[in-house]
Amino acid sequence: EATALASLGLGEFSLAVKLTPDAAGRWGGSLRLRLGDLAGRNAQGLDLGHLGGWRLDADYADMDLDTLEALSGRLEALKLQEPVSLLEEVGALVEAYLRASGQARGEWLLTDLAMPLDGVGEYLRLGEFGLVASVTPPLDQPLARDLQLQYRLKGLDLVAEASQVSLVEARFEVGAERLAITNLVQAVLFALQNPAAGPAALPDWLPRVLGGLEVTLATNGFQATLPEGAPLAIEGLKLHLALKGLDSQVPVLALTYSQEGISGLDAVLPPWAPRTVNLDLALSGLPLAELLAVSLREELDPLAALNLLGAQPVWLDINDIKVDLPAGGMQLQGQARTQVQATPQALPEGSLTANIELRNLDALARIMDEAVDPAERGNLAALVAFLRLVGIERPGAGGAQVLSFALEANSRGEVVVNGKDLTPLLKNSASPVGDVNR
């Protein structure tokens, strides 16, 4: 067959392994494996593909090899038994393994891959594809582990079936902080022994099992040309979600998202859809474990969730919210907070301070006027007139019209914009914006 491998060439091969003990008898070292200039051909001598490099690196430290060998024998002798007894034995094995295993980091990388595909002129080229992983005990917590895992891809170029796709870079990362596997086994054991506890046990166990979690997805320089439709391009796209301090009194939920340089979707995206977006938000003090426990109950209790929000101060840092459309845009920065009341029965009070900028309000209003229901156009016109009235206008870049607003508001209905108290106006249902406010 034309695709059958008949010969394989290898230009470079090297392997190095090093293990040495320290003064305490714990071992560390490295492994290095290299393959280079790997090429395959079929029986007719035609190129089936070429790989510039294949690399595997591993580094180890602080390992007790004698204990690890003994644990391997105990694991092989482990027998299936009643779940509680099995988990107790597994927990002891896990703790012994964590004390003996130390830390490790590994990387696997492919470089300069080129392969012809079945069709004429079709091919796959890839600059890099790699995987990096690490396991490290955090300071002063020998039974916990910080875990990191990353996939990355660079320089993708694919031509197949009259389509072409290219990508400068993409990566996916996930990390866990202070993951206590022994406590996780104990949590499962507790759940088996106390089935009636249910989700109510979550606030007690989650901080003992996990300190934080992060996920990142990013792409850069994506382009696609398909047989039908305009070329599609996305200069950059990034999503980062982080849960920090789950084992502290003030956990933080952070979200960052950005997209820029989207083109080729004008036929399917409405005019009001943003082309450039940047979000950077951090929510602190939220009792995440308690709220999760409430949400997992068989019957949801909104009042219980509301009481949790009033149990301690919560604040939202709005580091940046930026949305740009072809015709205009909006940017907001500020902070929202809740305050704990003196009496437990009172609802928590909230406040918001923010700086807001609107670019080319008139152009944005025309776009929104086409998108809203005709019955709502009167309210939209009133809102635009109100924004013009209270905003401070200044010239922006490229001749744009910029309206700025320094906003202070709270849950009592008090609103101050650019130093002007608008509370009476917004509370008056007969005012031009009273209906909009409601």
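**Cores, salt bridges and surface**

Mentor: In the largest nonpolar core, which holds 20 residues, Phe405 and Val417 touch the most other members. A nonpolar core is a set of buried Ala, Val, Leu, Ile, Met, Phe, Trp, Tyr and Cys residues joined through side-chain atoms within 4.5 Å. Buried means under 20% relative accessible area, exposed over 50%, and partly exposed in between (1.4 Å probe, protein chains only). The model is predicted: local features need pLDDT of at least 70, side-chain atom pairs count only at pLDDT 80 or more, and totals for chains, interfaces and linings use all residues. Residues are numbered from 1 along each chain as its sequence is written, and side-chain values use heavy atoms, with hydrogens and water left out.

Trainee: What is Val417 in contact with, leaving aside its neighbours within four places in sequence?

Mentor: Contact means heavy atoms within 4.5 Å. With those neighbours set aside, Val417 is in contact with Val390, Phe405, Ala406, Leu407 and Leu422. A second, separate core has 8 residues, among them Ala176, Leu179, Leu286 and Leu288.

Trainee: What does helix 5 pack against through its buried residues?

Mentor: In soluble globular proteins, nonpolar side chains tend to be buried together. Helix 5 (residues 288–295) has Leu288, Ala289, Ala293 and Val294 as its buried residues. These pack against helix 4 (202–209), strand 9 (232–244) and helix 6 (302–309).

Trainee: How many salt bridges does the rule count?

Mentor: A salt bridge is a side-chain nitrogen of Lys or Arg within 4 Å of a carboxyl oxygen of Asp or Glu. The count comes to 21 salt bridges. In one of them, Arg412 pairs with Glu349, and the closest N and O atoms are 2.7 Å apart. This pair links distant parts of the chain, since Arg412 is in the loop between strand 16 and strand 17 and Glu349 is in strand 14, 63 residues apart. Arg412 also meets Glu414 in a salt bridge (3.1 Å, N to O).

Trainee: Is Arg152 buried or exposed, and what is its partner?

Mentor: Arg152 counts as buried because its relative accessibility is 16%. The side chain of Arg152 forms a salt bridge with that of Glu128 (3.7 Å, N to O). Glu128 is partly exposed, with a relative accessible area of 23%. Salt bridges that share partners join Arg32, Arg34, Arg55, Asp57, Asp59, Glu107, Glu128 and Arg152 into one network.

Trainee: Which residues form a nonpolar patch on the surface?

Mentor: Patches are made of residues with over 30% relative accessible area and no salt bridge; like charges are joined within 9 Å, and nonpolar side chains (Val, Leu, Ile, Met, Phe, Trp, Tyr) within 5 Å. Accessible areas come from the Shrake-Rupley method with a 1.4 Å probe, and for residues only the protein chains shown count as cover. Here Leu10, Phe13, Leu15, Val17, Leu19 and Tyr60 form the patch, with about 600 Å² of accessible area together. Strand 1 (residues 7–21) supplies the largest share, 5 residues. Leu15 lies in strand 1 and counts as exposed because its relative accessibility is 53%.

Notes:
Helix = DSSP H or I, 4+ residues; strand = E, 2+ residues; numbered from the N terminus.
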